[in-house]
Protein chains: 2
Amino acid sequence: MTDNFHNYDTSTASNEKIGVVLDGKLIANDLKSRIAGEVNEMKKAIGKTPGLGIVLVGERRDSHTFIRTKVKACNEVGIVSVVAELPNNSKEGDICDAVSRFNDNPSVHGIIVQLPLPKHLDEEKIMNVVSVEKDVDGFHPLNMGNLAIAGREPLFIPCAPKACLELLLRYGMDLRGKKAAVVGRSKIVGLPTSLLLQRHQATVSLVHAFTGNPEKVTCQADIVVSDVGTPNTIRGHWLKPGAVDPKRSSGYRLVGDVCYDEAIKKVAAITPVPGGVGPVTIAMLLSNTLDSAKRCYDFT
Amino acid sequence: MTDNFHNYDTSTASNEKIGVVLDGKLIANDLKSRIAGEVNEMKKAIGKTPGLGIVLVGERRDSHTFIRTKVKACNEVGIVSVVAELPNNSKEGDICDAVSRFNDNPSVHGIIVQLPLPKHLDEEKIMNVVSVEKDVDGFHPLNMGNLAIAGREPLFIPCAPKACLELLLRYGMDLRGKKAAVVGRSKIVGLPTSLLLQRHQATVSLVHAFTGNPEKVTCQADIVVSDVGTPNTIRGHWLKPGAVDPKRSSGYRLVGDVCYDEAIKKVAAITPVPGGVGPVTIAMLLSNTLDSAKRCYDFT
């Protein structure tokens with residue numbers, strides 16, 4: 001695997017090898033300019049614009065920051081975004097109604113419900129209301145099931161896993177037969193990443209809170225994806241020399257799960273936080289929304 | 001883990017330790033007598049009997065043998081089974097119609113389509129017709145997705161994985177934090193078994209055709225589940241001393257994937273073929289059908 005990254009190897013003055021930093025911003029910008037072009041073409045050809053409906057409940061600072069970033073990204077590529085903001089004390093029915101209105105709105109092609117929801121709400125019930133055809137986050141069990149089953153195609157693949165894969169593929173990684181360790185199994189990152197890597201013929205081990213000595217699994221992996229959300233969980237000795245780590249940011253502070261200073265000396269490639277998987281994840285949300293609009297209008 | 005099995009350890013005359021044989025027939029009989037009791041109670045209480053609709057296409061000897069076994073098992077516990085037999089040259093539409101008739105039939109609570117189907121048929125299209133509420137094989141992507149996502153509950157869990165789990169649990173296995181290797185990733189066994197073991201807090205590695213040196217993964221595992229279908233693939237040196245292997249039969253010849261003679265000297269427990277996972281799998285089909293009927297009539 002180190003071979004694939006050979007061209008990207010850099011050396012410090014002291015001849016100490018350090019890993020390539022997988023530049024998420026660069027890739028995200030590339031993706032966004034492609035998406036902007038397609039949005040423009042669609043507008044010219046059929047007079048339609050992709051639309052994203054966002055449901056935002058409560059006052060969490062991190063959620064508001066994420067949504068601002070998503071709205072800004074939509075603007076950049078010409079996707080129309082509509083935010084339904086609901087107060088923290090909203091009832092389940094109010095949120096379901098907001099989702100349903102987006103379901104019924106023909107100019108909305110993608111719907112996201114920003115998670116986490118306030119604790120008094122039944123997340124599963126609310127997420128079930130999101131139409132499978134507009135589930136651009138890919139969290140609907142039907143999309144997740146189709147992602148899991150070989151030979152089937154989900155309508156949408158969750159954005160963070162898609163971003164990890166994009167990073168790996170852009171940097172010339174052939175996933176076939178590679179050992180991958182995914183740390184954490186949320187439906188947002190860990191679980192769908194493990195399913196997506198599997199689809200690409202990697203041998204995947206899913207590590208979680210009950211795993212004893214998780215470092216024994218990660219240190220054998222060619223690829224480590226972390227979805228722990230606890231800064232600096234993944235230490236240098238958890239990683240195999242030459243491994244690749246497209247990790248994700250962890251919440252509002254945007255501190256990486258992986259101990260960057262330790263890891264970069266050891267791995268072939270790593271993603272920084274911020275500026276790694278995050279920007280590509282948002283680009284994937286735009287991409288999913290565009291794809292949904294194209295499917296809706298049968299526009300290719 | 002060996003501790004859990006301590007009571008079951010047997011020794012040969014030469015003091016050579018050999019593994020416990022997980023007796024599937026015994027467990028299947030126990031399950032079937034419980035199911036028969038509940039079927040009987042349902043009949044007495046509300047005058048209803050669980051029904052299983054079976055779609056069988058073509059002349060494959062193994063498929064016919066499996067269906068005979070399933071019908072016989074239904075009879076044993078008082079579940080009504082109806083087999084729709086279709087010729088090998090059936091059109092997709094004919095098979096979908098047969099499934100639809102079972103969907104619409106209120107006395108059918110479970111539907112199975114015996115796989116594999118003749119090659120000219122689109123399996124995915126046909127399986128999509130099976131109502132999620134009657135999908136007792138648990139192969140519908142919605143059931144698979146709900147199996148994959150933590151905190152959600154599928155209506156049905158596939159029978160072979162349920163059987164593996166039952167064997168492990170009956171023999172006192174605590175799965176939390178155990179390393180499990182699942183070899184093969186079919187939607188029938190490998191994939192759902194990996195998802196189910198994960199739900200039970202095992203650390204799961206999914207090994208498949210593209211895995212280089214699969215024995216390096218399996219020999220570290222406390223639990224090995226094989227879904228390869230090639231006799232004697234799993235050799236003694238693939239297994240960690242003290243591991244447990246609830247493996248499955250492989251097709252018509254009913255020869256196990258695991259090289260039994262080699263493995264039994266090394267592992268804490270193993271399932272034989274025939275008489276291991278197979279009979280328990282069929283009991284799980286009966287159990288899923290009963291559960292479906294109970295749900296349909298709101299009978300507990």
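Which residue in β6(B) is the bridge partner of Ile54(B)? In the predicted model, that partner is Ile112(B). The pairing belongs to strand β4 of chain B, residues 51-57, which is joined to β6(B) by 4 bridges, the two strands running parallel.

These strands are part of an open sheet of 3 strands in chain B, arranged in the order β5-β4-β6 with parallel pairing. The edge positions are taken by β5 (80-86) and β6 (110-113) of chain B, each of which pairs on one side only. On average, neighbouring strands of this sheet are turned by 15° against each other, direction ignored. In general, the strands of a sheet pair through backbone hydrogen bonds, in either a parallel or an antiparallel manner.

In chain A, Ile54(A) lies in strand β4, which spans residues 51-57. Ile54(A) counts as buried because its relative accessibility is 0%, under the 20% cut-off. Beyond its neighbours within four places in sequence, Ile54(A) is in contact with Ile67(A), Val71(A), Phe102(A) and Ile112(A), as well as with Ser81(A), Val82(A), Val83(A) and Ala84(A). Pro231(A), by comparison, is 177 residues from Ile54(A) in sequence, and the C-alpha atoms of the two are 28 Å apart.

The largest nonpolar core comprises 106 residues. Those with the most contacts inside this core are Leu52, Leu197 and Val280 of chain A, together with Leu52, Leu197 and Val280 of chain B. When residues up to four places away in sequence are not counted, Val280(A) touches Gly24(A), Ile27(A), Ala28(A) and Leu31(A), and also Ala163(A), Glu166(A) and Leu167(A).

Technical notes
Residues are numbered from 1 along each chain as its sequence is written. Chains are lettered from A and ligands numbered from 1 in the order in which they are written. This is a predicted model: local features need pLDDT of at least 70, side-chain atom pairs count only at pLDDT 80 or more; totals for chains, interfaces and linings use all residues. Side-chain values use heavy atoms; hydrogens and water are left out. Buried means under 20% relative accessible area, exposed over 50%, partly exposed in between (1.4 Å probe, protein chains only). Contact means heavy atoms within 4.5 Å. A nonpolar core is a set of buried Ala, Val, Leu, Ile, Met, Phe, Trp, Tyr and Cys residues joined through side-chain atoms within 4.5 Å. Two strands pair if DSSP finds at least two bridges between them. Axes are lines fitted to C-alpha atoms, for helices over the stretch in contact, and angles run from 0 to 180 degrees between N-to-C directions.
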